[in-house]
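Reader: Before we discuss the details, could you put the model on screen?

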Amino acid sequence: MKISIRRSRRAATAVALGAALALTVTACGDDGSGAGGDKGSEGSGKGEIVFWDNNGGVRTEIWKKIIADFEKANPDIKVEYVGIASTEYQSKVDTALQGGGLPDVGGVGAAMLAGFAAQGALEPLDERLGKSSLNGKLNKDMVESLKAAGGGDDKLYSIPTSANNGVLYYRTDLFKKAGLEEPTTWERFFEAADKLTNKGKNEFGYTIRGGSGSIAQALDAMYGQSGITSFWNAGGDKTTVNDPKNVAALEKYAALYKKVTPAADLNNDFTKMVAQWDSGTIGMLNHNLGSYQDHVKALGGEKFRGIPQPVGSGGKRVQVSNPVDGLGLFKSGKNKEAAWKFIEFATSKAENSRFNEAAGQVPSNTDAAKDAWISKAEPTKLAADALSDGSTTIVQLPYYLPDWNTISKADNEPNLQKVLLGKMSAKEFLDTMADQLNAAQEEWDQQNG
């Protein structure tokens, strides 16, 4: 896995996560007073800690198994699990930062990391990791990716649990029936989306993500078609999102809505989109490795495949980066010693392997990454191969910008829905987003230059 970080006064390119398999409520601590400015305490290393899962519902079952293992190994520590849907997690943490009630430990992926770190919510973990049995056992590129996403101080605020990658899932049975070739190119993708659609029979070629999390998927489709390989221009001060090639790509992609997709896609987040694909007669779905096991349970292993994103006309695959996920220690916690024990346990070989096999993602623990199940999970293996064989270029999204998550969600998801509905042009949408990104980058440069 190759990583490169380029920083200058006018640009910061977050880490490139390359060959992924060479190795993806309640009170805080004791008294519930934890807010962003609290310094917390180490505590006794015993008693109760609170864990917020940043993908509650989807990952609840596996986390409860890991917690049960942890409590058996550490009978003097009790973990209170709080599952929070991924679509609600940032707002939940932001609210607790202002009013108190932060957990001791919680899911902190790259996309949200900079915003939380900028508010002083997270404990730096470099020293703890250096003294831990985990030291030297975590994928170095995932660690560096989270360091880069944390902002400009080069500190580690989250211990990586997994890496993810974008996948194009397609129904092999429907493709075979229609006489279609595997959608390995964007040309074949659009052809299949059209041919597999029969609205009279409620059959659609594709399901598009119009609800929460829609921006990253749209960016993937844009850069994948345009072939543009950098999120910033050569000077590092202007984004390429509104490049004319990306505008044209978004126009073509957005035109799929209601033509070859269900109308309900306008409001679908990933859980609804995945459930709809698993239960219906939709030809293709863009998601990531995380939903692989859901598809196996719903469809069996014979009716679908998960392959790397389509390649462009030049035979090159371009896709946007998927954030590394991890576990963070909240600074306000009153029992940091016990919370750190939980993080260490959850990212140990056995538990990290167990978690990622259930999630269908790439383990951060390098020993876990050698386990046999990985080679048997075809999408994971194919994604890793695509990232290591030179066919794929990753466009790094600017997770290091504290405003990134707000810009890519609250500020622009409603506007993308307007594009799908034909109420806003693709150019106006991307120009608006570009202005926000350029301003955020300028502010970042001023603070870190």
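Author: In helix H2 (residues 89-99), the buried residues are Tyr-89, Gln-90, Val-93, Ala-96 and Leu-97. They lie on the same side of H2, because they span an arc of only 130° around the axis, taken from the directions from the helix axis to the C-beta atoms. Buried means under 20% relative accessible area, exposed over 50%, and partly exposed in between (1.4 Å probe, protein chains only). Helices (H or I, at least four residues) and strands (E, at least two) are DSSP runs, numbered from the N terminus.

Author: This is a predicted model, in which local features need pLDDT of at least 70 and side-chain atom pairs count only at pLDDT 80 or more, while totals for chains, interfaces and linings use all residues. Residues are numbered from 1 along each chain as its sequence is written, and side-chain values use heavy atoms, with hydrogens and water left out.

Reader: Which residues are exposed on the other side of H2?

Author: Thr-95, Gln-98 and Gly-99 are exposed there.

Reader: And what do the buried residues of H2 pack against?

Author: Their partners are strands S3 (47-53) and S5 (105-107), and helices H3 (110-118) and H16 (404-408); contact means heavy atoms within 4.5 Å.

Reader: Turning to strand S9 (residues 282-288), how many of its residues are buried?

Author: Seven of the seven are buried, so S9 is largely enclosed by the rest of the structure.

Reader: Does S7 run parallel or antiparallel to S9?

Author: Strand S7 (residues 166-171) is antiparallel to S9, joined by five bridges; two strands pair if DSSP finds at least two bridges between them. Val-167 has His-287 of S9 as its bridge partner.

Reader: What about S8?

Author: Strand S8 (residues 204-207) runs parallel to S9, with three bridges, and Phe-204 stands opposite Ile-282 in S9.
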